[in-house]
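Reader: I'm new to this one. Can you walk me through it?
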Amino acid sequence: LGDLHIRANNDVYKGVQSYLQAIQREPSVELLRIIDQVTRTNQPLPDQELIALAQGALSKLDPIAGAVEAKALMNLGRKRDALLAMERSWKVFEHAIAKGWFSPDANAAWFIDLADLFQDDPAEGEKFVNALVGGELSSHQLAGLAIYYESLGGEHINKALALLDKGLSLGDGEQNTRLRLLMMRGALLVEAGRLDESEKAFRLLAK
């Protein structure tokens, strides 16, 4: 029913309400991630219901629940509370990544949600991330920040590429992190129409 509301009528409000009813009946990370994705919108949302979801027992499903909460709080004009929710979500993601429970790319959606919150002032979003880290960003954190700028599009693609280059220069991550950075760099260069450079980036994957 939620899919029908969104795909047939572009009614995100009713779609999210249906998703919320569904996840209460049968909780799943997949559905929580869908809710996170569709709530990146300028349409009205059932914000109070989303906050209740994110602050309740279902918040234990996945740290991305904190980003869902943050978007709803921001919609209600509660920016400070929204950023606190993003901070809590960030800390859970980073702890799980550090422990090896999550892969380094597990918080990609968090960075896309951050871009949704800071779309009118991207530099402030980057400052927020730097403050959370409190030092030099690791290669996987730079990859996340590149995703942040990629999702903003336009001239921000060049910023994303610069962050990926910096991450590759660090050499502080596992081989999988390096491969991820190269894949992202190649895809971004294709998106920017810089095909010769993208070919070189993809060829490095074989080395």
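This is a predicted model: local features need pLDDT of at least 70, side-chain atom pairs count only at pLDDT 80 or more; totals for chains, interfaces and linings use all residues.

Reader: Which elements give two or more residues to the nonpolar patch?
Author: Helix 11 (175-191) and helix 12 (195-203) do.

Reader: Where does Leu195 lie? And is Leu195 buried or exposed?
Author: Leu195 is in helix 12. Its relative accessible area is 51%. Exposed means over 50%, so Leu195 counts as exposed.

Reader: Let's go inside. Which residues are buried in helix 3?
Author: Helix 3 spans residues 29-38, and its buried residues are Leu31, Leu32, Ile35, Asp36 and Val38.

Reader: What covers the buried residues of helix 3?
Author: The cover includes helix 1 (2-9), helix 2 (12-25), helix 4 (47-55), helix 5 (65-75) and helix 7 (108-117).

Reader: What is Ile35 in contact with, leaving aside neighbours within four places in sequence?
Author: Tyr19, Leu20, Ile23, Leu50, Leu53 and Val68.

Reader: Which residues touch the most other members of the largest nonpolar core?
Author: Ile35 and Trp110. That core has 56 residues.

Reader: New topic: rings. How many aromatic pairs are there?
Author: The count is six. In one of them, Phe93 and Phe102 have ring centres 6.0 Å apart. Their planes are at 55°, so this pair is tilted.

Reader: Why isn't that edge-to-face?
Author: Edge-to-face needs planes over 60 degrees apart, and stacked needs under 30, so 55° falls in the tilted range.

Reader: Phe93 first: buried or exposed?
Author: Phe93 is buried, because its relative accessibility is 0% and the cut-off is under 20%.

Reader: What about Trp110 and Phe111: what kind of pair do they form?
Author: An edge-to-face one. The distance is 5.0 Å centre to centre, with 80° between the planes. Both Trp110 and Phe111 are buried.

Reader: Which residues do ring pairs link into a cluster?
Author: Trp90, Trp110 and Phe111.

Reader: Last one. Where is Asn10 found, and what is its phi?
Author: Asn10 is in the loop between helix 1 and helix 2. Its phi is positive, about 55°, although Asn10 is not a glycine.

Notes. Residues are numbered from 1 along each chain as its sequence is written. Side-chain values use heavy atoms; hydrogens and water are left out. Helices (H or I, at least four residues) and strands (E, at least two) are DSSP runs, numbered from the N terminus. Buried means under 20% relative accessible area, exposed over 50%, partly exposed in between (1.4 Å probe, protein chains only). Contact means heavy atoms within 4.5 Å. Rings of Phe, Tyr and Trp (its six-membered ring) pair if their centres lie within 6.5 Å; planes under 30 degrees apart count as stacked, over 60 as edge-to-face and the rest as tilted. A nonpolar core is a set of buried Ala, Val, Leu, Ile, Met, Phe, Trp, Tyr and Cys residues joined through side-chain atoms within 4.5 Å.
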